[in-house]
Amino acid sequence: MRALTFSGPRDVRVVDVPDAKPADELGAVVRVSAAGVCGSDLHIYAGHGFSHDTGYCVGHEAVGEVVEVGSEVRRFAVGDRVLLPASIGCAWCATCARGHVVACEHRREPWKEFCYGMSHRLPGCQAEAVAVPHADVNMLRVPEGVTDDTAILLTDNAPTAWYGARRARIAPGDVVAVIGLGPVGQLAVQSAFLMGAARVLAADPVDHRRAWAVEHGAEPVDPADPKASLKDLTAGEGCDAVIEAVGADETIALAVSAARQAGRVSVVGVSRNGAFPFRMEAAQTKELKFAIGLCSAQRELPALISLAAAGRLAPDTLITHRMGLSEGPAAYAMLADRTGGVGKVVLDPAR
(Lines give C-alpha, C1' and ligand atoms only; values in the text may rest on other atoms or scores of the structure.)
Protein backbone atom coordinates (compact mmCIF):
# COMPACT_ATOMS: atom_id res chain seq x y z
CA MET A 1 0.00 0.00 0.00
CA ARG A 2 1.02 3.64 -0.35
CA ALA A 3 1.92 5.77 2.65
CA LEU A 4 3.39 9.20 3.34
CA THR A 5 6.64 8.72 5.26
CA PHE A 6 9.16 10.92 7.06
CA SER A 7 12.67 10.69 5.62
CA GLY A 8 14.32 13.73 7.23
CA PRO A 9 13.81 17.45 7.85
CA ARG A 10 11.34 18.87 5.32
CA ASP A 11 11.39 15.54 3.51
CA VAL A 12 8.17 13.54 3.44
CA ARG A 13 7.54 11.23 0.52
CA VAL A 14 4.96 8.74 -0.72
CA VAL A 15 6.37 5.22 -0.83
CA ASP A 16 5.12 1.64 -0.94
CA VAL A 17 5.04 -0.02 2.48
CA PRO A 18 3.75 -3.41 3.68
CA ASP A 19 -0.03 -3.66 3.90
CA ALA A 20 -1.54 -2.81 7.28
CA LYS A 21 -2.40 -5.86 9.40
CA PRO A 22 -3.99 -6.19 12.86
CA ALA A 23 -1.24 -6.48 15.46
CA ASP A 24 -3.21 -9.10 17.37
CA GLU A 25 -6.74 -10.29 18.08
CA LEU A 26 -7.65 -6.92 19.63
CA GLY A 27 -6.70 -4.90 16.53
CA ALA A 28 -8.38 -3.83 13.32
CA VAL A 29 -7.54 -2.37 9.93
CA VAL A 30 -9.26 0.72 8.54
CA ARG A 31 -9.19 1.70 4.89
CA VAL A 32 -8.63 5.47 5.03
CA SER A 33 -11.01 7.74 3.15
CA ALA A 34 -9.66 11.00 4.62
CA ALA A 35 -6.46 11.80 6.52
CA GLY A 36 -5.76 15.17 8.12
CA VAL A 37 -2.44 16.97 8.37
CA CYS A 38 -2.08 18.48 11.85
CA GLY A 39 -0.01 21.40 13.06
CA SER A 40 1.82 19.06 15.43
CA ASP A 41 2.93 17.02 12.39
CA LEU A 42 5.10 20.02 11.56
CA HIS A 43 7.34 19.22 14.55
CA ILE A 44 8.26 16.00 12.76
CA TYR A 45 8.52 17.73 9.39
CA ALA A 46 10.93 20.31 10.82
CA GLY A 47 13.19 17.54 12.05
CA HIS A 48 12.64 17.79 15.80
CA GLY A 49 10.05 15.08 16.08
CA PHE A 50 9.14 12.63 18.81
CA SER A 51 11.63 9.88 17.98
CA HIS A 52 14.90 9.41 16.09
CA ASP A 53 13.25 7.10 13.55
CA THR A 54 13.02 7.83 9.85
CA GLY A 55 11.09 6.08 7.13
CA TYR A 56 7.90 5.65 9.16
CA CYS A 57 4.38 6.61 8.12
CA VAL A 58 3.22 9.93 9.58
CA GLY A 59 -0.16 11.35 10.58
CA HIS A 60 -2.65 10.79 13.38
CA GLU A 61 -6.02 11.88 11.97
CA ALA A 62 -8.14 9.51 9.89
CA VAL A 63 -11.67 8.58 8.90
CA GLY A 64 -12.47 5.42 7.00
CA GLU A 65 -14.09 2.00 6.76
CA VAL A 66 -13.25 -1.05 8.84
CA VAL A 67 -11.96 -3.78 6.52
CA GLU A 68 -10.59 -6.29 9.03
CA VAL A 69 -11.10 -6.99 12.74
CA GLY A 70 -9.36 -9.28 15.20
CA SER A 71 -11.22 -12.14 16.85
CA GLU A 72 -11.52 -10.28 20.19
CA VAL A 73 -12.94 -7.02 18.78
CA ARG A 74 -16.48 -6.76 20.14
CA ARG A 75 -17.82 -3.30 19.27
CA PHE A 76 -17.04 -3.07 15.54
CA ALA A 77 -17.50 -5.08 12.38
CA VAL A 78 -16.23 -4.99 8.82
CA GLY A 79 -18.02 -2.22 6.94
CA ASP A 80 -18.39 0.18 9.88
CA ARG A 81 -17.56 3.82 9.13
CA VAL A 82 -15.26 5.08 11.88
CA LEU A 83 -13.03 7.91 12.97
CA LEU A 84 -9.75 7.28 14.74
CA PRO A 85 -9.08 9.45 17.82
CA ALA A 86 -5.48 10.62 17.71
CA SER A 87 -4.90 9.50 21.31
CA ILE A 88 -4.28 5.78 21.88
CA GLY A 89 -5.52 3.73 24.81
CA CYS A 90 -5.70 0.06 25.74
CA ALA A 91 -8.58 -2.38 26.12
CA TRP A 92 -7.46 -3.51 29.57
CA CYS A 93 -7.29 -0.73 32.17
CA ALA A 94 -10.03 1.15 34.01
CA THR A 95 -8.49 4.52 33.12
CA CYS A 96 -8.89 3.91 29.40
CA ALA A 97 -12.40 2.57 29.97
CA ARG A 98 -13.27 6.02 31.36
CA GLY A 99 -11.84 7.66 28.22
CA HIS A 100 -8.78 9.13 29.93
CA VAL A 101 -6.42 7.31 27.60
CA VAL A 102 -3.47 9.71 27.99
CA ALA A 103 -3.18 8.33 31.52
CA CYS A 104 -3.32 4.71 30.34
CA GLU A 105 -2.02 2.42 33.07
CA HIS A 106 0.04 0.59 30.43
CA ARG A 107 1.55 3.72 28.86
CA ARG A 108 5.08 2.61 29.76
CA GLU A 109 4.77 -0.80 28.17
CA PRO A 110 7.10 -1.39 25.18
CA TRP A 111 4.16 -1.67 22.74
CA LYS A 112 2.56 1.61 23.79
CA GLU A 113 2.49 4.84 21.83
CA PHE A 114 0.12 7.61 22.84
CA CYS A 115 -0.39 8.74 19.24
CA TYR A 116 -0.07 7.41 15.69
CA GLY A 117 2.71 8.39 13.33
CA MET A 118 5.62 9.27 15.62
CA SER A 119 7.86 6.26 15.05
CA HIS A 120 7.95 2.78 13.56
CA ARG A 121 6.26 1.41 16.69
CA LEU A 122 2.86 2.67 15.54
CA PRO A 123 2.66 3.72 11.88
CA GLY A 124 0.53 6.73 11.08
CA CYS A 125 -2.71 7.43 9.26
CA GLN A 126 -1.56 9.26 6.12
CA ALA A 127 -1.79 6.06 4.15
CA GLU A 128 -4.22 3.93 2.21
CA ALA A 129 -4.91 1.90 5.37
CA VAL A 130 -3.98 1.96 9.03
CA ALA A 131 -3.65 -0.76 11.67
CA VAL A 132 -5.59 0.22 14.81
CA PRO A 133 -4.44 -1.30 18.12
CA HIS A 134 -7.03 -2.11 20.80
CA ALA A 135 -9.75 -1.24 18.31
CA ASP A 136 -12.67 -1.24 20.76
CA VAL A 137 -11.11 1.75 22.53
CA ASN A 138 -9.42 3.48 19.60
CA MET A 139 -12.21 3.68 17.03
CA LEU A 140 -15.50 5.55 17.15
CA ARG A 141 -18.43 4.90 14.84
CA VAL A 142 -19.36 8.00 12.79
CA PRO A 143 -23.08 8.76 13.13
CA GLU A 144 -25.32 9.17 10.10
CA GLY A 145 -25.38 12.79 8.99
CA VAL A 146 -21.82 13.53 10.15
CA THR A 147 -19.66 14.01 7.07
CA ASP A 148 -16.05 12.95 6.62
CA ASP A 149 -15.12 16.64 6.63
CA THR A 150 -16.59 17.05 10.10
CA ALA A 151 -15.34 13.70 11.35
CA ILE A 152 -11.70 14.34 10.38
CA LEU A 153 -11.66 17.46 12.58
CA LEU A 154 -13.17 15.42 15.41
CA THR A 155 -10.20 13.05 15.48
CA ASP A 156 -7.88 15.58 17.14
CA ASN A 157 -8.33 19.31 16.47
CA ALA A 158 -11.83 19.72 17.91
CA PRO A 159 -11.22 17.55 21.01
CA THR A 160 -7.98 19.41 21.75
CA ALA A 161 -9.71 22.77 21.41
CA TRP A 162 -12.63 21.68 23.61
CA TYR A 163 -10.24 20.21 26.17
CA GLY A 164 -8.31 23.49 26.23
CA ALA A 165 -11.45 25.52 26.72
CA ARG A 166 -12.76 23.16 29.39
CA ARG A 167 -9.45 23.28 31.28
CA ALA A 168 -9.60 27.09 31.09
CA ARG A 169 -12.84 26.83 33.11
CA ILE A 170 -14.66 29.26 30.85
CA ALA A 171 -17.80 30.62 32.47
CA PRO A 172 -20.69 32.64 30.99
CA GLY A 173 -19.68 36.27 30.50
CA ASP A 174 -15.93 35.64 30.45
CA VAL A 175 -13.44 37.50 28.30
CA VAL A 176 -11.27 34.84 26.65
CA ALA A 177 -8.11 35.14 24.56
CA VAL A 178 -7.07 32.46 22.08
CA ILE A 179 -3.41 32.59 21.07
CA GLY A 180 -2.62 30.72 17.87
CA LEU A 181 -5.33 30.40 15.23
CA GLY A 182 -4.59 27.20 13.36
CA PRO A 183 -7.42 24.66 13.32
CA VAL A 184 -7.15 24.03 17.08
CA GLY A 185 -7.21 27.75 17.82
CA GLN A 186 -10.13 28.36 15.47
CA LEU A 187 -12.11 25.60 17.17
CA ALA A 188 -11.09 26.99 20.56
CA VAL A 189 -12.79 30.25 19.50
CA GLN A 190 -15.97 28.32 18.69
CA SER A 191 -15.69 26.30 21.92
CA ALA A 192 -15.26 29.40 24.07
CA PHE A 193 -18.44 30.93 22.69
CA LEU A 194 -20.32 27.64 23.18
CA MET A 195 -19.23 27.68 26.83
CA GLY A 196 -20.62 31.18 27.29
CA ALA A 197 -17.74 33.59 26.64
CA ALA A 198 -18.96 37.15 26.10
CA ARG A 199 -15.86 38.13 24.12
CA VAL A 200 -13.08 36.17 22.46
CA LEU A 201 -9.86 37.95 21.51
CA ALA A 202 -7.96 36.22 18.71
CA ALA A 203 -4.16 36.48 18.36
CA ASP A 204 -2.09 35.22 15.44
CA PRO A 205 0.46 36.85 13.10
CA VAL A 206 -1.22 35.45 9.95
CA ASP A 207 -3.84 37.79 8.50
CA HIS A 208 -6.22 35.21 7.05
CA ARG A 209 -6.30 33.27 10.31
CA ARG A 210 -7.39 36.35 12.25
CA ALA A 211 -10.00 37.04 9.58
CA TRP A 212 -11.48 33.55 9.99
CA ALA A 213 -11.72 34.02 13.76
CA VAL A 214 -13.48 37.36 13.24
CA GLU A 215 -16.02 35.60 11.00
CA HIS A 216 -16.88 33.44 14.04
CA GLY A 217 -17.37 36.45 16.31
CA ALA A 218 -13.87 37.02 17.70
CA GLU A 219 -12.07 40.34 17.99
CA PRO A 220 -8.62 40.57 16.36
CA VAL A 221 -5.47 41.24 18.37
CA ASP A 222 -2.93 43.55 16.70
CA PRO A 223 -0.02 41.30 15.67
CA ALA A 224 2.45 44.20 15.77
CA ASP A 225 2.31 44.20 19.59
CA PRO A 226 -0.08 41.50 20.84
CA LYS A 227 0.76 42.06 24.51
CA ALA A 228 -0.13 45.75 24.33
CA SER A 229 -3.16 45.04 22.16
CA LEU A 230 -4.56 42.49 24.62
CA LYS A 231 -4.07 45.00 27.41
CA ASP A 232 -5.87 47.72 25.43
CA LEU A 233 -8.75 45.42 24.46
CA THR A 234 -9.36 44.61 28.14
CA ALA A 235 -8.90 48.17 29.43
CA GLY A 236 -5.78 47.03 31.27
CA GLU A 237 -7.58 44.29 33.21
CA GLY A 238 -6.46 41.23 31.28
CA CYS A 239 -8.52 38.20 30.29
CA ASP A 240 -10.49 35.87 32.50
CA ALA A 241 -9.13 32.89 30.55
CA VAL A 242 -6.46 32.34 27.92
CA ILE A 243 -6.10 29.32 25.62
CA GLU A 244 -2.65 28.84 24.09
CA ALA A 245 -2.66 26.69 20.94
CA VAL A 246 0.91 27.01 19.63
CA GLY A 247 3.35 25.61 22.18
CA ALA A 248 6.15 28.13 21.54
CA ASP A 249 7.94 29.78 24.46
CA GLU A 250 6.88 33.26 23.38
CA THR A 251 3.20 32.39 22.98
CA ILE A 252 3.04 30.63 26.36
CA ALA A 253 4.67 33.69 27.94
CA LEU A 254 2.14 35.90 26.16
CA ALA A 255 -0.71 33.76 27.54
CA VAL A 256 0.58 34.16 31.09
CA SER A 257 0.91 37.93 30.68
CA ALA A 258 -2.58 38.24 29.15
CA ALA A 259 -4.39 36.65 32.10
CA ARG A 260 -5.99 38.94 34.64
CA GLN A 261 -5.63 38.71 38.40
CA ALA A 262 -6.81 35.22 39.41
CA GLY A 263 -7.14 34.36 35.72
CA ARG A 264 -6.72 30.98 34.05
CA VAL A 265 -4.28 29.84 31.39
CA SER A 266 -4.77 26.61 29.45
CA VAL A 267 -1.92 25.43 27.22
CA VAL A 268 -2.71 22.82 24.57
CA GLY A 269 0.03 23.73 22.08
CA VAL A 270 2.72 21.05 22.01
CA SER A 271 5.84 22.36 23.78
CA ARG A 272 9.20 20.69 23.24
CA ASN A 273 11.07 22.82 25.80
CA GLY A 274 12.30 20.87 28.81
CA ALA A 275 13.31 24.05 30.63
CA PHE A 276 10.66 26.69 29.97
CA PRO A 277 11.51 29.90 31.91
CA PHE A 278 8.22 30.14 33.81
CA ARG A 279 7.85 33.40 35.75
CA MET A 280 6.83 31.77 38.98
CA GLU A 281 6.82 34.95 41.07
CA ALA A 282 4.57 36.79 38.62
CA ALA A 283 2.19 33.81 38.42
CA GLN A 284 2.03 33.53 42.18
CA THR A 285 1.44 37.24 42.62
CA LYS A 286 -1.35 37.06 40.04
CA GLU A 287 -2.84 33.99 41.76
CA LEU A 288 -2.78 32.43 38.32
CA LYS A 289 -4.32 29.05 37.54
CA PHE A 290 -2.17 27.32 34.93
CA ALA A 291 -3.19 24.11 33.14
CA ILE A 292 -1.24 22.19 30.54
CA GLY A 293 -1.72 18.72 29.15
CA LEU A 294 -2.43 16.39 26.27
CA CYS A 295 -5.98 15.67 25.21
CA SER A 296 -7.65 12.28 25.53
CA ALA A 297 -9.87 12.65 22.48
CA GLN A 298 -12.02 9.71 23.54
CA ARG A 299 -13.13 11.61 26.65
CA GLU A 300 -14.15 14.76 24.77
CA LEU A 301 -15.82 13.19 21.74
CA PRO A 302 -19.32 12.35 23.06
CA ALA A 303 -20.10 16.03 23.65
CA LEU A 304 -18.46 17.14 20.41
CA ILE A 305 -20.27 14.65 18.20
CA SER A 306 -23.58 15.83 19.65
CA LEU A 307 -22.64 19.50 19.12
CA ALA A 308 -21.49 18.85 15.56
CA ALA A 309 -24.56 16.79 14.68
CA ALA A 310 -26.78 19.60 16.02
CA GLY A 311 -24.92 22.22 13.98
CA ARG A 312 -23.65 24.06 17.05
CA LEU A 313 -20.00 23.33 16.18
CA ALA A 314 -18.75 23.77 12.61
CA PRO A 315 -15.33 22.14 12.30
CA ASP A 316 -15.64 21.41 8.57
CA THR A 317 -15.57 25.14 7.75
CA LEU A 318 -11.82 25.11 8.46
CA ILE A 319 -10.93 22.85 5.53
CA THR A 320 -9.29 24.87 2.78
CA HIS A 321 -7.48 22.22 0.75
CA ARG A 322 -8.31 18.67 -0.31
CA MET A 323 -5.33 16.96 -1.88
CA GLY A 324 -4.30 13.51 -2.98
CA LEU A 325 -1.88 11.43 -0.95
CA SER A 326 0.68 11.94 -3.72
CA GLU A 327 0.44 15.69 -3.02
CA GLY A 328 1.38 15.16 0.62
CA PRO A 329 4.87 16.70 0.30
CA ALA A 330 3.35 19.86 -1.18
CA ALA A 331 0.73 19.94 1.59
CA TYR A 332 3.39 19.82 4.30
CA ALA A 333 5.44 22.56 2.63
CA MET A 334 2.36 24.77 2.29
CA LEU A 335 1.42 24.31 5.96
CA ALA A 336 4.96 24.92 7.17
CA ASP A 337 5.28 28.09 5.10
CA ARG A 338 1.65 29.23 5.75
CA THR A 339 1.13 29.94 2.08
CA GLY A 340 -1.94 29.80 -0.13
CA GLY A 341 -4.38 30.87 2.58
CA VAL A 342 -4.03 27.41 4.06
CA GLY A 343 -6.16 26.28 6.95
CA LYS A 344 -6.92 22.59 7.32
CA VAL A 345 -5.55 20.19 4.71
CA VAL A 346 -7.25 16.83 4.15
CA LEU A 347 -5.55 14.10 2.12
CA ASP A 348 -7.50 11.57 0.06
CA PRO A 349 -5.50 8.32 -0.23
CA ALA A 350 -7.59 7.26 -3.24
CA ARG A 351 -6.11 10.13 -5.30
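Visitor: Which residue meets the side chain of Glu61 in a salt bridge?
Guide: A salt bridge is a side-chain nitrogen of Lys or Arg within 4 Å of a carboxyl oxygen of Asp or Glu. In this predicted model, the N to O distance of the pair is 2.6 Å, and the partner of Glu61 is Lys344.

Visitor: How many residues apart in sequence are the parts that this pair ties together?
Guide: Helices (H or I, at least four residues) and strands (E, at least two) are DSSP runs, numbered from the N terminus. Glu61 lies in the loop between β4 (56-57) and β5 (62-69), while Lys344 belongs to strand β16 (residues 344-348), so the pair joins parts of the chain whose separation in sequence is 283 residues.

Visitor: Are Glu61 and Lys344 buried or exposed?
Guide: Buried means under 20% relative accessible area, exposed over 50%, and partly exposed in between (1.4 Å probe, protein chains only). By this rule, Glu61 and Lys344 are both buried.

Visitor: What kind of model is this?
Guide: Residues are numbered from 1 along each chain as its sequence is written, and side-chain values use heavy atoms, with hydrogens and water left out. Local features need pLDDT of at least 70 and side-chain atom pairs count only at pLDDT 80 or more, whereas totals for chains, interfaces and linings use all residues, since the model is predicted.

Visitor: In which helix is the salt-bridge partner of Arg10?
Guide: The side chain of Arg10 meets that of Asp337 in a salt bridge of 3.3 Å, N to O. Arg10 is in the loop between β1 (2-8) and β2 (11-16), and Asp337, 327 residues apart from it, is in helix α12.

Visitor: What is the relative accessible area of Glu113?
Guide: Glu113 forms a salt bridge with Arg121, the closest N and O atoms being 3.4 Å apart. Arg121 is partly exposed, at 47%. Glu113 counts as buried, because its relative accessibility is 10%.

Visitor: Which strands are the edges of the open sheet of three strands?
Guide: Two strands pair if DSSP finds at least two bridges between them. The order is β2-β1-β4, with antiparallel pairing. Strands that pair on one side only form the edges, namely β2 and β4.

Visitor: What angle does α12 make with β2?
Guide: Contact means heavy atoms within 4.5 Å. Axes are lines fitted to C-alpha atoms, for helices over the stretch in contact, and angles run from 0 to 180 degrees between N-to-C directions. In the sheet, β1 and β2 pair in the antiparallel sense over six bridges. Helix α12 packs on this sheet, touching β1 and β2, and its direction makes with that of β2 an angle of about 160°.
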